[in-house]
Amino acid sequence: QQYGVWLLRQTWRRNSAKKLTIFDVISPTKGSFWYNLGAMTEAESVLAFNAFEKQLRGLCLREFPCGLGSWRDSKAKSKSAVTTRDYNVQIEHRETLEEFVTAKHSPWNIDCSWSNEARELRELAVKSPWLIDEKFIMKFFKTLKIIDKQITEVDAGLLGFPNLKELTLSVNLLEHVDSTHLPPNLEVLELCANQISSLDSLCVQPP
């Protein structure tokens with residue numbers, strides 16, 4: 001059974017876009033625990049836009065030192081901010097918060113390699129956090145890399161990026177790409193290491 005489960009995991013990675021049950025691999029007796037587990041388990045679709053949203057949450061645009069939290073001055077557009085240093089409310093220059101985001105060894109310096117605009121957006125969330133809303137974010141991105149996120153579908157959510165020029169969806173589980181769901185001004189699309197066997201769907205209505 002241990003070998004059977006290992007084999008299932010390997011097959012699941014290669015075929016997660018398809019429904020796959022555990023008894024497809026180890027063929028246990030009907031009514032057994034493994035049979036019932038397999039009957040209830042199937043791979044779910046992973047949408048490209050949902051994967052983007054997860055990466056976006058990693059920027060922590062509304063958390064310290066970004067955003068309009070209690071660490072900032074009560075005047076939203078002030079150049080100063082408050083912090084809880086020594087458990088006392090203090091006023092600090094905005095530049096201090098910017099340093100928290102940009103300094104190489106700062107605990108708030110996070111991975112922004114998935115977009116050329118990600119770091120700039122995070123810095124803007126310190127400088128002018130009142131500008132950051134959903135509409136602004138969608139217009140801000142020109143490049144996106146959503147790599148190795150088990151994506152199975154390019155969904156219509158990507159149409160919300162009016163200025164996106166380059167999109168990388170490599171090392172995912174795509175079997176086809178619906179061209180009608182690609183951003184309207186897209187110029188570069190990278191799809192290396194997926195499961196695509198035909199480009200017909202890409203030719204229906206390309207950007």
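Author: Here is a short tour, from the overall fold to single residues.

Reader: Ground rules before we start?

Author: This is a predicted model; local features need pLDDT of at least 70, side-chain atom pairs count only at pLDDT 80 or more, and totals for chains, interfaces and linings use all residues. Residues are numbered from 1 along each chain as its sequence is written, and side-chain values use heavy atoms, with hydrogens and water left out.

Reader: How many helices and strands in the protein chain?

Author: Seven helices and five strands. Helices (H or I, at least four residues) and strands (E, at least two) are DSSP runs, numbered from the N terminus. Along the sequence the pattern is α-α-α-α-β-β-α-α-α-β-β-β.

Reader: What share of the residues is buried?

Author: 38% of the 207 residues in the protein chain. Buried means under 20% relative accessible area, exposed over 50%, and partly exposed in between (1.4 Å probe, protein chains only).

Reader: And the surface, how much of it belongs to carbon and sulfur atoms?

Author: 51% of an accessible surface of about 12600 Å². Those areas come from the Shrake-Rupley method with a 1.4 Å probe; for residues, only the protein chains shown count as cover.

Reader: Now the core. Which residues touch the most other members?

Author: Phe52, Leu121, Phe141 and Phe161, in the largest nonpolar core, which has 35 residues. The elements giving two or more residues to this core are α4 (48–57), α6 (118–127) and α7 (134–140). A nonpolar core here is a set of buried Ala, Val, Leu, Ile, Met, Phe, Trp, Tyr and Cys residues joined through side-chain atoms within 4.5 Å.

Reader: Start with Phe52. Buried or exposed?

Author: Phe52 counts as buried because its relative accessibility is 1%. Helix α4 holds this residue.

Reader: What is Phe52 in contact with?

Author: Skipping neighbours within four places in sequence, Phe52 contacts Trp114, Ile137, Met138, Phe141, Leu144, Ile146 and Phe161.

Reader: Switching topic. What volume does the largest pocket have?

Author: About 340 Å³. A pocket, on a 1 Å grid over the protein atoms alone, is an open set of points where a 1.4 Å probe fits, with protein on both sides within 12 Å along at least five of seven lines; a cavity is a set the probe cannot get out of, and lining residues have an atom within 4 Å of a point. Grid points are joined across faces, edges and corners, and the volume is the space filled by probe spheres set on the points.

Reader: Which residues lie nearest its centre?

Author: Leu56, Arg57, Leu61, Arg62 and Ile137, out of 15 lining residues in the largest pocket. Helix α4 gives the largest share of that lining, five residues.

Reader: What classes make up the lining?

Author: Nine nonpolar, no polar and six charged residues. Ala, Val, Leu, Ile, Met, Phe, Trp, Tyr, Cys and Pro count as nonpolar, Asp, Glu, Lys and Arg as charged, and the others, Gly among them, as polar.

Reader: Where does Arg62 lie?

Author: In the loop between α4 and β1 (80–83). Arg62 is exposed, as its relative accessible area is 72%.

Reader: Where is Val171 found?

Author: In the loop between β4 (166–168) and β5. Val171 is partly exposed, with 37% relative accessible area. Ala193 sits in the segment after β5 and counts as exposed at 52%.

Note on methods:
Contact means heavy atoms within 4.5 Å.
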